[in-house]
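Please open the model in a viewer and keep the selection tool at hand.

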Amino acid sequence: MTGSTVQGYAFDNASDQAGDHHDALGQLLNAQTRQFIGDLIDLPGTSCLEIGAGAGSIAVWLADQGAEVLATDIAPQHIPIRPGLTVRRHDVVTDDPPGRFDLVHARLVLGHLPQREQALRRMIGALKPGGVLLTGDYMVAPGAFVADAPDRRTAELLSRYLPAHVRALAAHGNDPEWPHRAPAAFAAAGLTDVSFRLHGGSWRGGGAGCRLLLAGIPQLRGALLEHGLSEDDLTATTAALADPRLLLNGFLFVQTSGRSAEPADR
């Protein structure tokens, strides 16, 4: 891999770390996701499209609220089958979603796609008139990444790990600036009532945020090594992320929403 080469999506649903990755994301993000969806739309009787559904935790919740849900992913093997929930393999970059929906939700999808504008157009095209699009992506929080550490060496190591992590994701197509641009992109694409919410906080060693980072290290290993870390660094980082004495300034989760225009009155 060279610095100019963009690899595929970093986190493989077939990897040994996929279960840990999905579990950590659910603990970190599900409460905020459910809250925002509930504020945007009354779910019973609606049709919902979940893009990049992962392990299906939000898709299952949508179905439990009385929605008819289509959950899609390029690798949908972790999505459970439930009443009111249909599972389909689908790539939003190359194929239009099948149908029109009251809600289209895509969490941690657009930021990872080099063709995000194309995918965004397909998502918007899948909305019914008045339908809601909600996306969510991570961005690095302002300020120091390490809030507290057991020793100076650990603090310095994690401070070096963060930029290597960001560059490793960029090598796989991630754009760390996308959450900043998403509201303007939604508005430019014709969505109305555009808004966004941010959620952040501390990540304790051994907690869900640090376990998310731990699940990513084996899959990002090659890019992390290319971007300045050593095997010893990765071993020490793995140990540090499991240490409850570590406290990190966790990533910010930015959710952006917009609504498809209603047809004009005749």
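Select Thr135, Gly136, Asp137, Trp178, Pro179, Ala182, Val254 and Thr256, which line the largest cavity. A cavity is a set of points, on a 1 Å grid over the protein atoms alone, where a 1.4 Å probe fits but cannot get out, and lining residues have an atom within 4 Å of a point. Two or more of these residues come from each of strand E5 (127-139), helix H5 (178-188) and strand E10 (252-259); helices (H or I, at least four residues) and strands (E, at least two) are DSSP runs, numbered from the N terminus. The space inside is about 30 Å³, a volume being the space filled by probe spheres set on the grid points, which are joined across faces, edges and corners.

This is a predicted model, in which local features need pLDDT of at least 70 and side-chain atom pairs count only at pLDDT 80 or more, while totals for chains, interfaces and linings use all residues. Residues are numbered from 1 along each chain as its sequence is written, and side-chain values use heavy atoms, with hydrogens and water left out.

Next, select helix H4 (152-171) and helix H7 (231-241), each of which supplies at least two residues to the lining of the second largest pocket. A pocket is an open set of points with protein on both sides within 12 Å along at least five of seven lines. H7 gives the largest share of this lining, 5 residues. The pocket holds about 160 Å³ of space, and its lining includes Arg153, Arg160, Asp232 and Asp243.

Now turn to the charged pairs: how many salt bridges are there? The count is 10, a salt bridge being a side-chain nitrogen of Lys or Arg within 4 Å of a carboxyl oxygen of Asp or Glu.

Select Asp102 and Lys128, whose closest N and O atoms are 3.6 Å apart in a salt bridge. Asp102 lies in strand E4 (residues 101-107) and Lys128 in strand E5, so the pair ties together parts that are 26 residues apart in sequence. Asp102 is partly exposed at 21% relative accessibility (buried means under 20% relative accessible area, exposed over 50%, partly exposed in between; 1.4 Å probe, protein chains only).

Return to helix H4, where Arg152 and Glu156 lie 4 residues apart, about one turn of the helix. Their side chains meet in a salt bridge (3.0 Å, N to O). Arg152 is exposed at 68%, whereas Glu156 is partly exposed at 41%.

Finally, select Arg116, Asp175 and Arg181, which a network of salt bridges links.
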